[in-house]
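This briefing goes through a single chain, topic by topic. Please keep the sequence and the model in view while reading.

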Amino acid sequence: MTTVIVCRPRRYPIRRVLACPTCKTRRRMITHYEVWYGTSLTCCHCGDHWQDGELYRRPSRRGWRKEAAAKAAAEWLAAGRHDPVAFETWVKRELGEDQ
Ligand SMILES: [Zn+2]
């Protein structure tokens, strides 16, 4: 039997209002900061997702936009107001600089 271990970096969610290239207007976007992997963002309106400025491949199934947009909107609400001090503390902890 083979055991597969998947490691996923911890992410820090940050609310943003940015110009969405797909919607061609400013939209709410949830960004996820990952210390070693950069930033990803998802539009809460169209559901498109970018990683380090590159558009992710869109799923080839019906309804994905609605699902992705709803998930991003829920994450946007859950992220709450951005706290720069809490973010800096999180980054230092992730880098092991808090000890
Ligand atoms: Zn959009």
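Helix α2 covers residues 84–95, twelve in number, and reaches 16 Å from its first C-alpha to its last, close to the 16 Å expected at 1.5 Å a residue. The model is a predicted one. None of the twelve residues of α2 is buried, so the helix lies largely in the open. G96 follows α2 and has a positive phi, near 75°.

**Overall make-up**

- The chain contains two helices and five strands.
- Read from the N terminus, the order of elements is β-β-β-β-β-α-α.
- The C-alpha trace spans about 45 × 45 × 25 Å along its principal axes.
- Of the 99 residues in the chain, 14% count as buried.
- Among contacts with a separation of 6 or more, 37% are between residues 24 or more positions apart.

**The sheet**

- The five strands make an open sheet, ordered β1-β2-β3-β4-β5, with antiparallel pairing.
- β1 (12–20) and β5 (54–55) are the edge strands; each has a single partner strand, so one side of each is left without a neighbour in the sheet.
- β1 and β2 are antiparallel and joined by nine bridges.
- Within this pair, I14 has T31 of β2 as its bridge partner, and C20 has T25 of β2.
- β2 and β3, also antiparallel, are joined by six bridges.
- T31 stands opposite L41 in β3.
- At the other end of the strand order, two bridges join β4 (residues 49–51) to β5, and these strands run antiparallel.
- W50 has L55 of β5 as its bridge partner.

**Hairpins**

- The hairpin of β1 and β2 has four residues between its strands.
- In the turn of that hairpin, K24 has a positive phi of about 60°.
- β2 and β3 form a hairpin as well, with three residues between the strands.

**The nonpolar core**

- The largest nonpolar core consists of nine residues: C20, M29, I30, L41, C43, C44, A68, A72 and W76.
- Three elements, β2 (25–34), β3 (38–43) and α1 (64–79), each supply at least two residues of this core.
- α1 gives the largest share of the core, three residues.
- Setting aside neighbours within four places in sequence, C43 is in contact with C20, T22, C23, R27, M29, D48 and A72.
- Of these contacts of C43, the residues C20, M29 and A72 are themselves members of the core.

**S40 in the sheet**

- S40 is found in strand β3.
- Not counting residues up to four places away in sequence, S40 touches T31, H32, H49, W50 and Q51.
- S40 and T22 are 18 residues apart in sequence, and their C-alpha atoms are 16 Å apart in space.

**L77 in the helix**

- L77 lies in helix α1.
- Which class does L77 fall into, buried or exposed? L77 has 12 other C-beta atoms within 10 Å, and a residue with 12 or fewer counts as exposed, so L77 is exposed.
- The C-alpha atoms of L77 and I30 are separated by 9.0 Å, although the two residues are 47 apart along the chain.
- I30 is one of the core residues, whereas L77 is exposed.

Methods:
Residues numbered from 1 in each chain as written. Predicted model: local features only at pLDDT ≥ 70, side-chain atom pairs only at ≥ 80, totals over all residues. Core = buried A, V, L, I, M, F, W, Y, C linked by C-beta atoms within 7 Å. Buried ≥ 20, exposed ≤ 12 C-beta atoms within 10 Å, placed from the backbone. Contact = placed C-beta atoms within 7 Å. Expected span 1.5 Å × (residues − 1). Pairing = 2+ DSSP bridges.
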